[in-house]
Amino acid sequence: MFKAYVIVVPGNTVNSDGSLSARLKARLDLALDLYQSGVSKRIFVSGAIGKEGVDEAVAMSRYLISKGVHKEDIVQDSKGYTTLDTAKNLGRYMGESSSKSAIVVTQFFHISRCKLAMKRVGISNIGAVHAKYSEARDIYSVAREVPAYASYLVPHG
């Protein structure tokens, strides 16, 4: 079993009433399974305030706590506006640790870009799993990932 310093869950839609989108819930449920099976003792939830007006990281933390994750085992990043922001914030968090291992939990089409962003900030040992959730929107999302991934190949400031 892959052991990681941290499980990373990038944000996604949280509805205006604070409920999680099915896509985000699937990510968190998988992260919860990994946490409970001992893959890592901590979960890094990253997101921002979306157009719905809800802080994704706060909503994700609340959900995990309701499922039995200890509050002190959750690292909450409310400045994860983009995948690269999440990676940079994760890199700063992990900078305090000698370990550079992480496992990212996201949708299948998002894994490559997440891993590329994390490598760019010095995280060298990255595992990934994808949530078992799909929807029609994935067609758009897959197409979007091609130029998004390409843009991450160009150095950012």
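Residues are numbered from 1 along each chain as its sequence is written, and side-chain values use heavy atoms, with hydrogens and water left out. In this predicted model, local features need pLDDT of at least 70 and side-chain atom pairs count only at pLDDT 80 or more, whereas totals for chains, interfaces and linings use all residues.

Helices and strands are DSSP runs numbered from the N terminus (H or I, at least four residues, for helices; E, at least two, for strands). The axes of helix H1 (residues 22-36) and helix H2 (residues 56-66) cross at roughly 45° and come within 11 Å, which makes H1 oblique to H2. Axes are lines fitted to C-alpha atoms, for helices over the stretch in contact, with angles running from 0 to 180 degrees between N-to-C directions. Angles under 35 degrees count as roughly parallel, over 145 as roughly antiparallel, 65 to 115 as roughly perpendicular, and the rest as oblique. From H1, Leu24, Lys25, Leu28, Asp29 and Leu32 meet Met60, Tyr63 and Leu64 of H2. By class, this contact of H1 with H2 has six nonpolar, two charged and no polar residues.

Ser40 is found in the loop between H1 and strand E2 (43-46). Ser40 has a relative accessible area of 4% and is therefore buried (buried is under 20%, exposed over 50%, and partly exposed in between, with a 1.4 Å probe and protein chains only). Leaving aside neighbours within four places in sequence, Ser40 is in contact (heavy atoms within 4.5 Å) with Ala4, Tyr5, Val6, Ile7, Leu34 and Tyr35. A polar atom of the Ser40 side chain lies 3.2 Å from the backbone nitrogen of Arg42.

Gln107 occupies the loop between strand E4 (101-106) and H4. With a relative accessible area of 1%, Gln107 is buried. Residues up to four places away in sequence not being counted, Gln107 touches Arg23, Arg27, His130, Ala131 and Tyr133. In helix H4 (residues 111-120), the buried residues include Ile111, Arg113, Cys114, Leu116, Ala117 and Met118. Just after H4, Gly122 takes a positive phi of about 95°.

Asp85 has its place in helix H3 (residues 83-94). The relative accessible area of Asp85 is 23%, so this residue is partly exposed. Not counting residues up to four places away in sequence, Asp85 touches Lys79 and Gly80. Asp85 and Gly18 are 67 residues apart in sequence and, C-alpha to C-alpha, 23 Å apart in space.

Methods
Ala, Val, Leu, Ile, Met, Phe, Trp, Tyr, Cys and Pro count as nonpolar, Asp, Glu, Lys and Arg as charged, and the others, Gly among them, as polar. A polar contact is a pair of N or O atoms within 3.5 Å; within protein, one must be able to donate a hydrogen and the other to accept it, and residues adjacent in sequence count only if both atoms are side-chain atoms.
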